[in-house]
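Below are some questions and answers for a reader who has not seen this structure before. Each answer works towards the value or name asked for.

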Amino acid sequence: MKQSWPRLLPNTLRGKLSLWYVGTTTFLFLVLIGFFSFLTWSALNTQIDHHIHVVIEEARPVVENYPTSRRDELLKRLVGSKGMIVTLLSPDGAAVVQTASTDIALTSEHYIQQIMVNSNWESRAPDHFSIQGIRFAAVPVSVNAGKGILAVGYSTDVIEKTFRQIVVSGTLILIFLLTPLSYLGYRLLVRQLQPVETLAISLKKVTDPNSLGVRIDTSTMTQELKTIAQAANQMLHRLEMTFQYEQDFFSDAAHTLKTPLAALRSHVESNQSPRKTKAEMLASLDRVMVTVEDLLYMAKAQSNSTIVEDFSLSELVEELGELVELLGAEKRLSVQSTIEPDINFRGNRGLIIRALGNLVQNAIHYSNKGGSITIQLTKEVSGTLFRVSDEGVGIDDHDLPHIYDRFYRGKNTITHKGSGLGLAISKSVIEAHGGKLTIESSLGKGTKVTVWL
Amino acid sequence: MIHPTAHEAKVDNKAIELTAKEFAVLEYLGRNYGQVVTRTMLMEQVWGSDFETFSNVIDVYIKNLRNKLKAHTDINLIRTIRGKGYVLKES
């Protein structure tokens, strides 16, 4: 039984809506036809009853006031002129006057006799009844000094026939109207639902990462569909970015590793002045090692970023300051720290150390001998501010937009070893913790790194 | 002589003034006497593994330790093993 349902009911939105639309229209039409039929039918009946009533009231004095010979003649003429039939029964139940056809007369006489028995003189209101398509009204009258009964009947056949015709034509009109209406409604639905299909077709085209560039045209869509389509477009955009990121990452990583390895290869091949070559080879190897370590760290960081704890940011930055002082001693750097105590933070401590650590290490790396580094950690209205400033080599305006790119290394960095991943790691960690990283720099004057947490 | 509980180091019975981190480096080298200790191992011991990226600070500690020891003895107690790390050994 359950399996036969899908075959009975369409399972497309289009089919369901069409069915609903046609069903509702038919139902409404039928209710309307039924209602008007009932109204017309009862109005007609009331009208007929009233008509008969008028005639019977005119006929009664004729029966009661005229002598028998005149009475029958007058009665037939009066009632006949209105297209009605008349029956007059004498007190013994025999028909004195009868204009109905024989078969109707038989049944109606029997009925009228019963009314005569049951009716009383006082109530002079006529009894109404229908027999074989004829509407009757009967009243007691005095016939031959006794209680007789006068009945007047009017055939409703013609009216019923007309009425049936009205109902039939109404139904026919309904069918003739419904067919084009259903067709039009269906066409309209198809047109309105076209964007849904376009949406589905567009999304079906996305079968592999290369087809993520597909975007759905929302210009012709209604508001509801636009929301869905826009959400799909945004999702496609994010997916595309992620895939692009992954692709770039692999190619960047490969290129970064390739350069020192190629250098290493040429050193091994040439085999000249062993002492100098060995140092260069080690430098190349160190670069490879640093890059590989950073890559591993990034992979680890992504899986560890969900482990969070509360820790003192003030203590952490103080430790970083201590490290900067120790490491900067060789370059005779002076370190000024302004660290507000008791600033706490919730996040992954290891990742934050790495992120802020990269920034202070950069400050040491790019400082000139005898320069100074300022470390600041303060609670501001808009959040916690961490700032590292140096008076070092600075960053070229040309390089500034690219410093967050993975593996990007500006012109001034040639003398420093590094993977080019440091700032990218810092930025992604800080942003993952809901923070913001900005860098201001001028070539030869120094760099100021600001972190809002 | 290294006294871990007293946080005190002595050479020929004369105490050497060390910072807490310097002492920790020396202590760890002492515990692994005669064995090569890498910078990463020392860094984990002294600062914790989260600060691994700063492992070159170990070189600074070693330099400071050597300078302080030099005042008391002519023997180079801490030796550098190139590409590997450091070892504490007499002679």
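Q: In which helix of chain A does A:L359 lie?
A: This is a predicted model. Within chain A, the helix that spans residues 349-365 holds A:L359, and that helix is α9.

Q: Is A:L359 buried or exposed?
A: A residue is called buried when its relative accessible area is under 20%. The relative accessibility of A:L359 is 3%, so A:L359 is buried.

Q: How far apart in space are A:L359 and A:K427, C-alpha to C-alpha?
A: Away from its sequence neighbours within four places, A:L359 has contacts that include A:L423, A:S426 and A:I430. A:K427 is 68 residues from A:L359 in sequence. From C-alpha to C-alpha, the distance between A:L359 and A:K427 is 9.9 Å.

Q: What is the area buried between chain B and chain A?
A: The size of an interface is often given as the accessible area lost when the parts come together. Here 15 residues of chain A are in contact with 13 residues of chain B. Carbon and sulfur atoms give 71% of the buried area, which is about 1300 Å².

Q: Which residue of chain A meets B:D50 in a salt bridge?
A: One salt bridge is found across the interface of chain B and chain A. It runs from helix α9 of chain A to B:D50, which sits in the loop between α2 (39-46) and α3 of chain B. B:D50 is partly exposed, at 30% relative accessibility. With N and O 3.4 Å apart, the partner of B:D50 is A:R349.

Q: How many residues apart in sequence are the parts that B:E22 and B:K68 tie together?
A: The side chains of B:E22 and B:K68 form a salt bridge, at 2.8 Å from N to O. B:E22 is in helix α1 (residues 20-31) of chain B and B:K68 in helix α3 of chain B, so the pair joins parts whose separation in sequence is 46 residues.

Q: Which helix of chain A holds both A:E73 and A:R77?
A: A:E73 and A:R77 form a salt bridge, with their closest N and O atoms 3.8 Å apart. A:E73 is partly exposed at 44% relative accessibility, whereas A:R77 is exposed at 52%. The two residues are four apart, about one turn of the helix, and the helix is α3 (residues 68-80).

Q: What is the area of the nonpolar surface patch that includes A:L32?
A: A:L32 is in helix α2 (residues 13-65) of chain A and is partly exposed, at 45% relative accessible area. A:F35, A:F36, A:F38 and A:L39 make the patch together with A:L32, and its area is about 530 Å².

Methods: Residues are numbered from 1 along each chain as its sequence is written. Chains are lettered from A and ligands numbered from 1 in the order in which they are written. This is a predicted model: local features need pLDDT of at least 70, side-chain atom pairs count only at pLDDT 80 or more; totals for chains, interfaces and linings use all residues. Side-chain values use heavy atoms; hydrogens and water are left out. Patches are made of residues with over 30% relative accessible area and no salt bridge: like charges are joined within 9 Å, nonpolar side chains (Val, Leu, Ile, Met, Phe, Trp, Tyr) within 5 Å. Accessible areas come from the Shrake-Rupley method with a 1.4 Å probe; for residues, only the protein chains shown count as cover. A salt bridge is a side-chain nitrogen of Lys or Arg within 4 Å of a carboxyl oxygen of Asp or Glu. Buried means under 20% relative accessible area, exposed over 50%, partly exposed in between (1.4 Å probe, protein chains only). Contact means heavy atoms within 4.5 Å. Buried area is the accessible area (1.4 Å probe) that two parts lose on being put together, summed over both.
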